[in-house]
Number of protein chains: 2
Amino acid sequence: MKTVSENRCFGGVQGVYTHASDTTGCDMTFGLFLPEEAERGPVPVIWYLSGLTCTHENAMVKAGAQKWAAEAGVALVFPDTSPRGADVPNDEAYDLGQGAGFYVNATEKPWSTHFRMWDYVTEELPRILFNAFPVAEERQSITGHSMGGHGALTIAMSFPGRFRSVSAFAPISNPSASDWGRKQFTAYLGTDETKWAPHDATLLMKKRGFDGPILIDQGSADNFIDLLKPEALAEAMAARRQGGILRMQKGYDHSYFFVSTFMEDHIGFHAAALYD
Amino acid sequence: MKTVSENRCFGGVQGVYTHASDTTGCDMTFGLFLPEEAERGPVPVIWYLSGLTCTHENAMVKAGAQKWAAEAGVALVFPDTSPRGADVPNDEAYDLGQGAGFYVNATEKPWSTHFRMWDYVTEELPRILFNAFPVAEERQSITGHSMGGHGALTIAMSFPGRFRSVSAFAPISNPSASDWGRKQFTAYLGTDETKWAPHDATLLMKKRGFDGPILIDQGSADNFIDLLKPEALAEAMAARRQGGILRMQKGYDHSYFFVSTFMEDHIGFHAAALYD
């Protein structure tokens, strides 16, 4: 693992690291914010999964999360959203290929060799994180934005007991029924929709739910709201009697101006669960 | 004037606007954050001047300032750092030409036609701002980062009574004695150093000072600290008995991780003066 940069930030350190990944078959880069408390021992960690077109960097510089993480004494990890590099397949569209891994293990060509973001985020990167940094494996929470909200919700529901809490900003909530989902699942997973179901937050909510608190924020003026389908997840949560909060924020759109506005609430929400 | 974008943000609106500028002879873009209070009447405003290579956008997305501006009920204006466009002269170096206006009116060719950022920031943009938006002309403060800290300090000291308070993050403090200054002043203003003096914060501090509170933050691990020369300004402030605070922040560098860490303090500092 190589250190790309380390910058002092809110009394802690915002680092960027790169490593050769066995899972994705390429170098992967991630950001990690460690609060000052990490100098004295392991701290809780919140995973932040990013959306389409993003790298590890977007949320790290635009979400304003470090302030609240520093106050709460929690680490933040910012994985990339896909494998990268000249040898890695890509697509001209912004919503397929590099920058658009969708947090699945692709089974279809040409994607299946490198596009294994599910395993990367749930197995390889956690192993690296907990081995190399003062981060407490038994105190994890997860959040994300848009495609990353989809990742956060599906991963949280698929690993019961691993995450104390889950939240999302404008998540892709029902990808099996959306053009943000059907296109990518067909490309990465093939046409058999039973293979898609484990990666659809609404379907997982109907089947399993989440054994902890959930917080979801959605902007009412989100330009992509018809693709995100918050109403499907809302219906599934209510039907299941899932404990959680779903907030429709009047006038907010899909941008990081929306994410940063409510970041304090999300970090506070997770910190309460992590220190419970 | 054209609206490029408006995003709801911390209960207010983060806007980006573009207009044909008489001063710089090209289209200019600026960012403006208006807090919710602006719906009911004019609000105080803090000017944020950016550093080398930046546009109107860097601080707007990376400094985390809107949260604190929203809490304080103040507007934030983010001007660009130079004229822009294919017809505007440029230089291969990052620290001259487009992105590096240095907040002066160039008198030398080829810069003198367009590079009039002093007049743009102190005359034309204020006129536009106070005509078109609910911003209170009698309640202004100013801050900036690096080259923008130089701009904030020199402008504040040159217009006594206009700004209630001035602050800076890692300002270029003594450009007449630095390679961040001598090169650009020679190009823009010529070799007569008496023309440089009105644009050197340390020299202005010796001659005039500022009739209000000053706050300056400087990272001790700033990779450009030898070019910034905080010691020259510190000496001048102390010798003058200038009221103010200069903080050397241990371990912080020149990045927006440094700026965002101390943004809350700066907005709070200005808000106290603006509501005094």
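Helices and strands here are DSSP runs, a strand having at least two residues, and they are numbered from the N terminus. The model is predicted.

**Chain A as a whole**

Nine helices and nine strands make up its secondary structure. Its radius of gyration is 17 Å, close to the 19 Å that the globule rule gives for 276 residues, so chain A is as compact as a globular protein of that length. Along the principal axes, the C-alpha atoms of chain A fill a box of roughly 50 × 45 × 35 Å.

Switch to a surface. The accessible area of chain A is about 10,200 Å², and carbon and sulfur atoms account for 48% of that. Of the 276 residues in chain A, 64% are buried. Of the contacts in chain A between residues at least 6 apart in sequence, 73% join residues at least 24 apart. Colour by charge next: chain A has 23 positive and 33 negative charges, with mean positions 4 Å apart.

**Gly12(A)**

Go to strand β2 of chain A, residues 12-21, and pick Gly12(A). Gly12(A) has 3% relative accessibility and therefore counts as buried. Beyond neighbours within four places in sequence, its contacts are Asn7(A), Phe33(A), Leu34(A), Pro35(A) and Glu36(A).

Centre on Tyr188(B) and show what surrounds it. Leaving aside neighbours within four places in sequence, Tyr188(B) is in contact with several residues, including Leu96(B), Phe102(B), Val104(B), Trp111(B) and Phe115(B).

**Cis peptide bonds**

Move to Lys109(A) and Pro110(A): the peptide bond between them is cis, with omega near 0°. Pro110(A) sits in the loop between β5 (75-79) and α3 (117-132) of chain A. In chain B, the bond from Lys109(B) to Pro110(B) is cis, with omega near 0°. Pro110(B) is found in the loop between β5 (75-79) and α3 (117-132) of chain B.

**Positive phi angles**

Select Thr53(A), in the loop between β4 (43-49) and α1 (57-62) of chain A. Although Thr53(A) is not a glycine, its phi is positive, about 75°.

Finish at Ala170(B), in the loop between β7 (163-169) and α5 (179-189) of chain B. Ala170(B), also not a glycine, has a positive phi of about 45°. Is Ala170(B) buried or exposed? Its relative accessibility is 0%, so Ala170(B) counts as buried.

Definitions and conventions: Residues numbered from 1 in each chain as written. Chains lettered and ligands numbered in written order. Predicted model: local features only at pLDDT ≥ 70, side-chain atom pairs only at ≥ 80, totals over all residues. Heavy atoms only, no water. Helix = DSSP H or I, 4+ residues; strand = E, 2+ residues; numbered from the N terminus. Rg over C-alpha atoms; globule rule 2.2 N^0.38 Å. Buried < 20%, exposed > 50% of the residue type's maximum accessible area, 1.4 Å probe, protein only. Contact = heavy atoms within 4.5 Å. Areas by Shrake-Rupley, 256 points an atom, 1.4 Å probe, with all protein chains shown as cover. Lys, Arg positive; Asp, Glu negative; His and termini not counted. Charge placed at Lys NZ, Arg CZ, Asp CG, Glu CD.
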